[in-house]
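Keep the sequence and the structure in view while reading.

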Amino acid sequence: MPQLRAVLTTLAMIAMGVTPAHADTVPSITVESGRTQPVFSYADAVREHVYVESSTDSDSDGKPDRVRVDIIRPKESGPALKVPVIIDESPYYDNAGRGNEAERKVYDSAGNAVKFPLFYDNYFVPRGYAVLNVDMNGTTKSDGCPDGGGRADVLGGKAVVDWLNGRATARRSDGTPVTADWTTGRTAMIGKSYDGTLANAVAATGVEGLETIVPISAISSWYKYQRSNGVIYNYDYMSWLTNFVDTDPDSKCAAVRAGMDAGDGDDTGDYNPFWAERDYADGPLTDVSNVHASVFAVHTVNDLNVKPDNFSKWWQALAKRGVPRKIWVGQYQHVDPFDFEGRRDLWVDTLHLWFDHWLLGVNNNVMRQPRADVQTSANRWITQRDWPSPLTLQVPLHPASDGSLGLTPAGRGQTAAFTDTRQSEEAMVADVGTADPARAAFTTGPLPLDLRLSGTPVVDLRLALDKPTSNLTALLVDFGEDTRIDWRRGQGITTTSEESCHGESTADDDACYRKVVTNVASRPLEIVARGWIDVQNRNSLSHPSPLPQGSYGRVRWETLPQDYIFKKGHRLSLVIAGTDSTYSGEAATGAHVTVDLARSSVLLPLVLTGINGADVPHDIARWQGPGQLVLPAPENVFF
């Protein structure tokens with residue numbers, strides 16, 4: 001049987017244009033040790049560009065939008081050697097740039113790109129891939145108007161995949177039709193932030209030929225990007241963003257931006273058709289049930305640009321549908337895994353294995369590796385079979401009127417009260433042992449052991465208001481002096497002068513990039529998890545229902561997900577307050593909030609952690625009684 005499997009694997013590889021290392025066929029993609037080898041010249045690669053016709057006319061000029069595609073591929077590629085494709089579609093190629101060094105495209109006199117941002121082209125073209133840098137609809141050299149993750153953005157990227165598979169039209173600059181006779185049609189999409197968002201979106205159309213995506217710090221729901229349960233982060237942000245990425249004269253797409261401002265529902269914060277169009281998990285154009293591409297997701301739990309609920313909800317939905325998947329979960333801010341300190345070589349190699357497996361059918365070990373890599377501190381990563389940790393216990397903690405937080409519910413009649421005031425997070429967590437009319441704070445005693453939070457906390461309150469609604473903020477705080485990743489400074493990294501190289505270079509396109517180090521800082525506290533809600537959206541994001549004044553009602557919402565270790569001796573705190581000025585542009589309502597503590601709690605997904613950092617299975621530990629944690633004999637588990 002092993003011999004039969006080897007024969008079948010070899011035949012499958014040859015069918016896709018892959019030649020094992022022992023074969024002599026030329027030209028060929030060569031595989032050794034489960035990885036394609038750099039056998040093609042990067043300097044001699046074909047560099048060309050085409051314009052793919054989209055199915056949209058976003059600028060209403062009476063013509064289909066044309067999506068600019070810059071291509072670099074082995075010179076040997078063609079009808080006799082068809083190669084797979086890696087796409088990075090981006091709106092940033094002529095404005096913000098890509099990567100930590102903000103690289104932009106550079107063109108020669110013929111208009112072809114001679115500098116492709118990032119290392120993908122330098123590394124993968126010599127190994128037998130084509131790399132396509134696609135200008136998102138309405139940006140850089142593409143026609144049309146960007147529409148903030150909406151229909152035109154999505155269908156522009158889909159059209160490129162369709163062209164690669166013979167289902168769409170492309171032309172050269174002179175109007176000559178051109179076919180992609182050099183590709184197998186097997187395509188990957190990769191990118192960070194908006195680029196990764198487009199990968200999610202195109203995958204959610206179900207387009208044939210898109211075999212895998214690698215979304216990094218990517219949006220899956222633009223509502224979640226700009227809203228939390230009815231609370232608005234930024235007003236008129238979507239039109240601002242589309243104007244930023246469009247370097248054409250402002251007048252060209254002014255009507256599109258005006259339509260976005262009219263449709264985004266900033267007057268309510270509710271989920272409406274504007275946001276449904278930009279919901280890739282459950283939208284009219286895009287839906288997670290359409291995804292057949294495998295997914296290698298990367299996100300960081302302290303990313304407060306593309307907040308981590310964008311990956312956690314997407315990840316859960318993919319899991320329910322059995323989509324093949326892998327994930328890296330970091331502790332930085334909005335940072336690419338290429339710039340996770342000490343992980344660059346591993347990232348490049350893992351990505352190499354991933355693309356070889358999904359685009360070329362190489363039988364390597366990438367899908368036999370643990371599914372999740374998780375960062376637990378500045379210099380420590382662990383692997384586990386999924387994320388969140390499969391070993392979590394759902395532990396309810398209860399606030400009490402004396403300011404304590406514990407395992408025992410408060411007695412009947414205990415309440416806490418505060419007024420919805422607009423204030424910063426720093427003000428909310430300051431001097432939590434002191435009464436403050438603008439917040440309610442509850443704190444445990446010193447923790448008897450390390451506890452790892454892995455997943456999404458849930459705040460569950462019974463409360464009454466003296467006005468129809470109020471904004472609420474929930475903060476989960478770790479009190480204890482410690483050295484932690486300083487993700488607020490430089491997003492958690494500092495760029496050094498030392499470089500590392502990944503791939504081949506030319507005079508125009510260098511494969512070398514500056515290394516980074518992780519920023520750390522000693523602080524007395526860390527805000528670990530955050531969550532916001534407009535009380536009138538407690539039952540529905542689309543249909544608000546004010547809470548009858550003076551009547552108690554249940555308000556239950558999730559904070560952003562996290563993966564964090566509360567250390568032994570630290571104290572864990574729950575802070576409930578009103579409008580968060582750090583992350584929301586909204587005004588406070590001034591409502592007086594009364595919380596029924598006897599029927600309120602926060603549910604935490606916790607994992608017991610041993611002194612060696614290993615998670616303790618919940619079949620050998622359980623929570624019991626008022627504040628007690630029952631453990632097995634000390635010879636079995638060490639803390």
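## A buried salt bridge

In this predicted model, the side chains of Asp-478 and Arg-484 form a salt bridge, with N and O 3.1 Å apart. Asp-478 has a relative accessible area of 0%, so it is buried. Arg-484 counts as buried because its relative accessibility is 6%, and the cut-off for buried is under 20%.

Salt bridges with shared partners also join Asp-486, Arg-488, Arg-489, Arg-523 and Glu-526 into one network.

Asp-143 lies in the loop between strand E9 and helix H3, and Arg-66 in strand E5, so the pair ties together parts that are 77 residues apart in sequence. Asp-143 is partly exposed, at 24% relative accessibility. Arg-66 is also partly exposed, at 31%.

Lys-105 and Asp-135 meet in a salt bridge of 2.6 Å, N to O. Lys-105 sits in the loop between strands E6 and E7, while Asp-135 belongs to strand E9, 30 residues apart. Both residues, Lys-105 and Asp-135, are buried.

Ser-573 is part of strand E32, which covers residues 571-577. Is Ser-573 buried or exposed? Its relative accessible area is 0%, so Ser-573 is buried.

The side chain of Ser-573 reaches the backbone oxygen of Phe-442 at 3.0 Å. A polar contact of 3.2 Å links the side chain of Ser-573 to that of Thr-443. Beyond its neighbours within four places in sequence, Ser-573 touches residues including Leu-405, Leu-475 and Phe-479.

Key: Residues are numbered from 1 along each chain as its sequence is written. This is a predicted model: local features need pLDDT of at least 70, side-chain atom pairs count only at pLDDT 80 or more; totals for chains, interfaces and linings use all residues. Side-chain values use heavy atoms; hydrogens and water are left out. Helices (H or I, at least four residues) and strands (E, at least two) are DSSP runs, numbered from the N terminus. Buried means under 20% relative accessible area, exposed over 50%, partly exposed in between (1.4 Å probe, protein chains only). A polar contact is a pair of N or O atoms within 3.5 Å; within protein, one must be able to donate a hydrogen and the other to accept it, and residues adjacent in sequence count only if both atoms are side-chain atoms. Contact means heavy atoms within 4.5 Å. A salt bridge is a side-chain nitrogen of Lys or Arg within 4 Å of a carboxyl oxygen of Asp or Glu.
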